[in-house]
Amino acid sequence: MATQTPHEGELDQRRTQAVTTRLVSLRHQLGILGIVLLGLVPTVMKPSELTSFTFVLYLMMFAISWDVVSGYTGQLSFGHAFFFALGGYGTSIITTQHGLPIFVGIVGGTLVATIGGVLLGVPALRLEGPYLSLVTLIAPLLLYQSFVLFSDGIPYLAPKGLGGTSGLVAPPPAIIDIGSSALIQVDQFWVSALGKYYISFLALLVVLGSTYAFTRSSAGNVLTAIREDEAAVRSVGLNPAKFKIFAFVFSAAVGGFAAAVWMHAGPTAFPNTEAVFGPGRIDKSINVIIIAIIGGMGTIVGSVVGALFFGFADTVIGGLDVAIPGVELLFGSELTIADTSPLPTFLLGMIVLVFLPRGVVPEATEFGRRLLARRRGEEPPPGGGRSPVESTLAKYRREIEDILGRDGE
Amino acid sequence: MSVGTERVADVETEAYGPEDGVLVAQDLRKEFGGLVAVDDLSFAVQSQEILGFIGPNGAGKSTTFNCVTGTYPPTGGTVYFKGEDVTGLPAYEMVHKGMSRTFQEFAPLEDRPVVENIELALAPNLLFTASGIGGETERLAREICRRVGLGDVMDQSPSELPHAGMLKQELGRAIATQPDVMLVDEPFAGLAGQEVQELTDVMLSLRDHGMTLIVVDHNMRGLLNLIDRAFVIQFGSKIAEGTPEEIKNDPKVQEAYLGGEEI
């Protein structure tokens with residue numbers, strides 16, 4: 001297929017022009033404003049608040065890494081914490097057990113996660129069907145067990161061991177901190193909090209920039225088409241396996257990178273199983289899915305907004321130590337709203353799914369577009385068909401029916 | 001009757017080489033378990049012709065083309081495309097070689113408007129690309145929409161299209177891959193007279209621009225104004241080949257269609 005585009009000569013010029021017009025569109029101006037505001041957050045927060053807010057930036061990156069593969073291709077990963085664990089443990093072991101510099105650790109951690117992505121993705125994604133979901137369900141649990149199994153050490157790779165469930169003994173060195181082990185030593189808490197925030201912010205910009213560029217190229221369209229119908233993608237000369245595998249490996253690298261930076265610049269990062277997998281081994285994997293769906297699956301930007309919602313809800317709910325009336329009478333002990341966490345946050349996710357099925361960002365964009373059209377006195381633009389969540393669910397239903405040998409309606 | 005038997009003998013000894021046509025199948029065979037869906041079928045398609053590929057329901061038409069276009073590999077036999085052995089290549093590679101097809105069951109991407117459905121077919125099979133940034137693929141996709149008669153509805157969701165519109169979108173999607181040979185599966189199923197004429201015009205103009213078309217249908221009625229030559233199969237084997245006039249009067253073909261009913 002030799003795609004010949006008309007007027008080849010002036011193509012570069014037109015591309016530059018198209019990018020410029022797109023960047024000055026209202027939507028992107030708002031996006032840039034949002035990023036600037038995010039960069040200005042430290043001016044309005046106390047250092048202690050800033051420290052907890054810094055973690056939200058990592059939630060954003062984790063959710064983005066999930067969105068690149070699952071939000072776009074509809075191949076749901078239920079165990080993205082696998083990559084966070086590989087990245088986080090990778091850099092920690094490289095820096096503390098091999099004594100290499102932080103920079104090498106971050107690159108190495110990213111690489112370890114990428115290799116993990118290749119190992120899971122290549123076999124699972126060459127098949128058409130829900131196999132990736134099955135594999136990603138098991139992978140983090142296996143990794144968890146291997147942390148216990150190799151708690152005393154793996155020759156050459158991790159001579160001092162993986163530390164079991166309580167984590168690695170030696171904390172990874174911070175890029176900036178008060179203590180003497182840090183790369184940049186400061187003597188005031190607020191300077192260290194500020195430094196950590198901006199290092200994390202920089203990592204977010206890297207993640208956001210690379211994933212945004214990838215998904216806005218025509219490759220992004222191919223990914224969403226895979227979510228809708230793989231046969232249609234094949235029939236126009238595109239190899240779905242190649243795109244799916246790349247998206248998955250890229251996603252693994254992004255997740256690993258975020259976790260690696262988190263170990264050295266994060267506020268509460270410590271390489272133990274609870275930090276990387278969540279207290280119940282799967283919580284973190286599920287949380288990133290909820291964040292991406294709240295914000296808008298398959299949008300990248302949605303994950304940023306979703307993480308803000310999620311972080312906000314978590315903080316507000318965590319602060320509600322009001323007893324739920326009636327519970328004490330029934331069960332004999334008091335139960336506060338904060339104790340029910342993470343139920344309220346999951347509830348928030350459900351509410352968004354029902355009332356804003358595309359997620360906050362796409363619904364807001366469409367609302368804005370209609371509003372603008374009405375103000376200009378134009379016909380409101382037509383709504384854009386099926387939502388990503390619906391497509392993904394429909395695809396899974398079809399595939400599972402295929403496996404069970406049942407014909408769809 | 002004796003003429004008929006002679007003819008069948010003829011057919012069976014026919015052998016094609018790679019250079020006998022733009023698309024050549026030699027002894028193509030497909031078995032599903034014990035069932036033989038395509039039984040050592042051989043045919044050659046000449047450049048820039050419109051071939052009607054005809055047979056009653058279940059004759060093996062779709063299976064034949066699934067084997068040719070790489071949806072699944074044949075059990076035996078060889079497929080030559082432009083003189084090259086392409087047997088068993090995956091579907092997306094066949095598209096790169098210049099063979100495209102439309103589907104009987106449409107698979108529109110329901111999350112995006114018609115024009116973006118067509119635009120997907122213009123996307124390169126590359127992970128890193130600047131294609132599409134300058135809006136040139138969108139312009140091309142819009143042009144294709146207008147050519148196939150979707151100019152007024154290209155910004156709608158494909159689920160809002162009428163049946164004929166879906167067919168046109170399928171056609172547009174196949175055209176967008178810039179094929180040399182296009183396989184059109186049952187284009188006239190469920191269409192009214194006016195719509196049949198519109199689609200016929202589109203396909204004739206494609207041929208005039210150098211494309212080779214293979215049109216699959218279970219009967220020939222709608223195809224008479226379109227095809228140059230017909231190829232009739234039953235139970236996975238060829239029973240007749242010739243101009244539409246010849247085929248209509250062929251006793252074997254008449255028999256295949258409900259024991260002598262006219263087709």
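Modeller: In chain B, strand 4 (residues 76-81) and strand 5 run antiparallel and are joined by two bridges. Strands here are DSSP E runs of at least two residues, and helices are H or I runs of at least four, both numbered from the N terminus. Two strands pair if DSSP finds at least two bridges between them. This is a predicted model: local features need pLDDT of at least 70, side-chain atom pairs count only at pLDDT 80 or more, and totals for chains, interfaces and linings use all residues. Residues are numbered from 1 along each chain as its sequence is written, with chains lettered from A and ligands numbered from 1 in the order in which they are written.

Biologist: Which residue in strand 5 of chain B is the bridge partner of Tyr80(B)?

Modeller: Strand 5 of chain B covers 84-85. The partner of Tyr80(B) lies in that strand, and is Asp85(B).

Biologist: What is the strand order of the open sheet of four strands in chain B?

Modeller: The pairing is antiparallel. Strand 2 (35-45) and strand 5 stand at the edges with a single partner strand each, so one side of each has no neighbour in the sheet. The order is 2-1-4-5.
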